[in-house]
Amino acid sequence: MEKENSSSSSLKLFGSWASSYTHRIQLALKLKNLTFDYIEEDLSHKSPALLLHNPIYQKVPVLVADGRPIPESLLILHFLDEYFPHNPRKLLPQSPHDRAAARFWAHFTDDRLGPAVAAVFASSGDAQVAAVDRFRSELRLVEAELTDGVFAGRRFFSGDQIGFLDIVLGCGSYWLAVFEEVAEVKLVDAGEFPRFHAWLRDFEEQDEVKAIIPSFDELLGYARGLRKILLGGGGGEAENGGGAVAGVEAGDMGKLQL
């Protein structure tokens, strides 16, 4: 899939401003210094172009490269490394073992950690207490990996600079502070999760991240409206166990966009 002499000018990204999956691709493109056209989607009224490029899942993000669409954020991140092999900024580690570890924890992020925190956000009362306990149990696994696993002793998961797993886990973790305020719970205690907490603060302070992530106040207002709809039983078309609400796919919120 190599594109030896490709210009990044042929790239087009369909996304949504609040989508952490979209932020993953925006951050990766910025880190690689690739130019692209951005199309903001209203996910409650999806454009014909989005439906054309992603007819099966009908979700963002979708990257179009030389007229050919690539859906799903993890696939797009892999694609960017492969499509621009001479770009000096690699997302995935060079070591096969490290690449495998990064892919495993990226899957864990979308398969377990994201749904766990989404359950906190979409619940109240005893159900929320149980959901908080479940999320902390999942986060302890990440903390343990940062303490004694493959990534122990590193500034970022990829080493001295942001890489694939930092993008996957980081684009979404900034929602945690927002959800803590909106749902009135404590999810990440610096004393219990010191390495994760330090990593997240460092990630959020990177200039490239600051340029991509919406402000806390923007996310806070959005989350308050969405939680009200979720707790009130509102929703739209079902996707992955959710619906389209407030212009975002609740199927994505079901994974927390983490």
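Predicted model: local features only at pLDDT ≥ 70, side-chain atom pairs only at ≥ 80, totals over all residues.
**View 1. The whole chain, before zooming in.** Let's get our bearings: the chain has eleven helices and six strands. Of its 258 residues, 53% are buried. Now take the contacts in the chain with a separation of 6 or more: residues 24 or more positions apart account for 69% of these.

**View 2. Helices α4 and α5 packed against each other.** Here α4 (residues 96-121) meets α5 (residues 125-148) at an angle of about 155 degrees, and their axes are 7 Å apart. That angle is why α4 and α5 are roughly antiparallel to each other. As for handedness, the crossing of α4 and α5 is left-handed. On the α4 side, the residues making the contact include Trp 105, Phe 108, Arg 112 and Leu 113. From α5, look for Phe 135, Glu 138, Leu 139 and Leu 141, among others. Sorted by class, the contact of α4 with α5 has 14 nonpolar residues, one polar residue and four charged ones.

**View 3. A closer look at Leu 141.** Leu 141 sits in helix α5. With a relative accessibility of 38%, Leu 141 counts as partly exposed. Setting aside residues up to four places away in sequence, Leu 141 touches Trp 105, Phe 108 and Arg 112.

View 4. The axes of α5 and α8 (residues 194-204) come within 8 Å and cross at roughly 85 degrees. So this pair is roughly perpendicular. The contact brings together Leu 139, Val 142, Glu 143, Leu 146 and Thr 147 of α5 with Pro 194, Arg 195 and Phe 196 of α8. By class, that makes five nonpolar residues, one polar and two charged for the contact of α5 with α8.

**View 5. Ala 198 in α8.** Staying with helix α8, we find Ala 198 there. Its relative accessibility is 44%, so Ala 198 counts as partly exposed. Arg 155 is 43 residues away from Ala 198 in sequence, and the two are 9.0 Å apart in space, C-alpha to C-alpha.

**View 6. A cis peptide bond in a loop.** Val 60 and Pro 61 are joined by a cis peptide bond, with omega at about 5 degrees. You'll find Pro 61 in the loop between α2 (48-53) and β3 (62-65).

**View 7. Two loop residues with positive phi.** Start with Asp 66, which is in the loop between β3 and β4 (68-71). Phi of Asp 66 is near 55 degrees, a positive value in a residue other than glycine. Asp 66 has a relative accessible area of 36%, so it is partly exposed. Then move along to Glu 184, in the loop between α7 (175-183) and α8. Phi of Glu 184 is near 60 degrees, again a positive value in a residue other than glycine. Is Glu 184 buried or exposed? At 72% relative accessibility, Glu 184 counts as exposed.

Terms used:
Residues numbered from 1 in each chain as written. Heavy atoms only, no water. Axes fitted to C-alpha atoms, helices over the stretch in contact; angles between N-to-C directions. Helix = DSSP H or I, 4+ residues; strand = E, 2+ residues; numbered from the N terminus. Parallel < 35°, antiparallel > 145°, perpendicular 65-115°, else oblique. Left-handed = near helix turned anticlockwise from the far one by under 90°. Contact = heavy atoms within 4.5 Å. Nonpolar A, V, L, I, M, F, W, Y, C, P; charged D, E, K, R; others polar. Buried < 20%, exposed > 50% of the residue type's maximum accessible area, 1.4 Å probe, protein only.
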